[in-house]
Amino acid sequence: MARTHYIAGNWKMNTSKAEAVALAKDLVEQLKGKSNKYMIGVPFVYLDAVAQVVKGTNILLGAQDVAATPNGAHTGEVSTEMLKDIGVQSVILGHSERRHEIGESDELINKKVRRALNEGLEVVLCIGELLAEREAGEAENVCAFQLSAGLAGVTAEQMKKVTIAYEPVWAIGTGKTATPEDAQAIHKFCRDYIAKLYSQAVADEVIIQYGGSMKASNAPELLAQPDIDGGLIGGAALKAETFVPICVI
Ligand code: PGA
């Protein structure tokens, strides 16, 4: 079934304010009138500046995390209220760098997912196995667990605002990409698993992005797979000349 391609850039902890604004301006210009779905995941401190650039365009403004709780005494946290106040529309949650560097648990990720959805934000929920888990034949089990834990309490209706990003951790920022066949196999597994959790209709609609060293040279083959509906792009999203070619496939 034909699902729109959804290409998202995850800027991670990169760019200066001037670079962020300039990159957003380039993307607005170059993606004007293009028909895929687009989002940029911008560092918190530059969201407000970038919001002025992407407002009213076909590029969604995304954050890279959000607090699991409403406003209050939570030092250092950033709430859904604050994100919405400055025009953020989407949030990347469960990224492997937060799972494995910061130690976020599936339970915490699920709280954030529910909070974001209940507050009307879109969510990109990242899942994916470590190299040792893949080598132990556990890739599917890890993805199934992260899906069921991450989506616990999320309704079928809310799934319309959820995108899944399958990002094998061993492929992130390493230059190693899963082969299109390997990626397709896991994407298909995840879609079938979502059908079990919800329904075939929900599974047919849900966008499943691939992430992990995706670039213009390998994106066409990955995106040609029937269950790969887009990409979550890190390194190649930091320059318009490397990101835009993926966006227009
Ligand atoms: P990468 O990052 O494209 O640099 O591998 C992808 C991601 O972590 O979202």
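Predicted model: local features only at pLDDT ≥ 70, side-chain atom pairs only at ≥ 80, totals over all residues.
# A chat about cysteines, ligand and core

Visitor: OK, and how many disulfides does the structure hold?

Guide: The number of disulfides is zero. Cys126, for instance, is in no disulfide, since the nearest cysteine sulfur belongs to Cys143 and lies 12 Å away, whereas a disulfide would need the two sulfur atoms within 2.5 Å.

Visitor: Where does Cys126 stand, buried or exposed?

Guide: Cys126 has 1% relative accessibility, and therefore counts as buried.

Visitor: Switching topic, what surrounds the ligand?

Guide: There are 13 residues around the ligand, and the closest are Lys12, His95, Glu167, Gly173 and Ser213. By type, this shell divides into seven polar residues, four nonpolar ones and two charged ones.

Visitor: What does Lys12 do there, in terms of distance?

Guide: One polar atom of the Lys12 side chain lies 2.7 Å from a ligand oxygen atom. The backbone takes part in such pairs too, as an N or O atom of the Gly234 backbone lies 2.9 Å from an oxygen atom of the ligand, and a polar backbone atom of Gly235 is also 2.9 Å from a ligand oxygen.

Visitor: And how much of the ligand's accessible area does the protein cover?

Guide: On its own the ligand has 280 Å² of accessible area, and the protein covers 95% of that.

Visitor: What about the nonpolar core, which residues touch the most other members?

Guide: The largest nonpolar core has 73 residues, and those touching the most other members are Trp11, Leu27, Ile40, Val50, Ile164 and Tyr210.

Visitor: Which residues is Ile40 in contact with?

Guide: Leaving aside neighbours within four places in sequence, the contacts of Ile40 include Gly9, Trp11, Ala24, Leu27, Val50 and Val54. There is also a second, separate core of ten residues, with Met39, Leu60, Ala165 and Ile207 among them.

Conventions:
Residues numbered from 1 in each chain as written. Heavy atoms only, no water. Near = heavy atom within 4 Å. Polar contact = N/O pair within 3.5 Å; in protein donor to acceptor, adjacent residues only side chain to side chain. Areas by Shrake-Rupley, 256 points an atom, 1.4 Å probe, with all protein chains shown as cover. Nonpolar A, V, L, I, M, F, W, Y, C, P; charged D, E, K, R; others polar. Core = buried A, V, L, I, M, F, W, Y, C linked by side-chain atoms within 4.5 Å. Buried < 20%, exposed > 50% of the residue type's maximum accessible area, 1.4 Å probe, protein only. Contact = heavy atoms within 4.5 Å.
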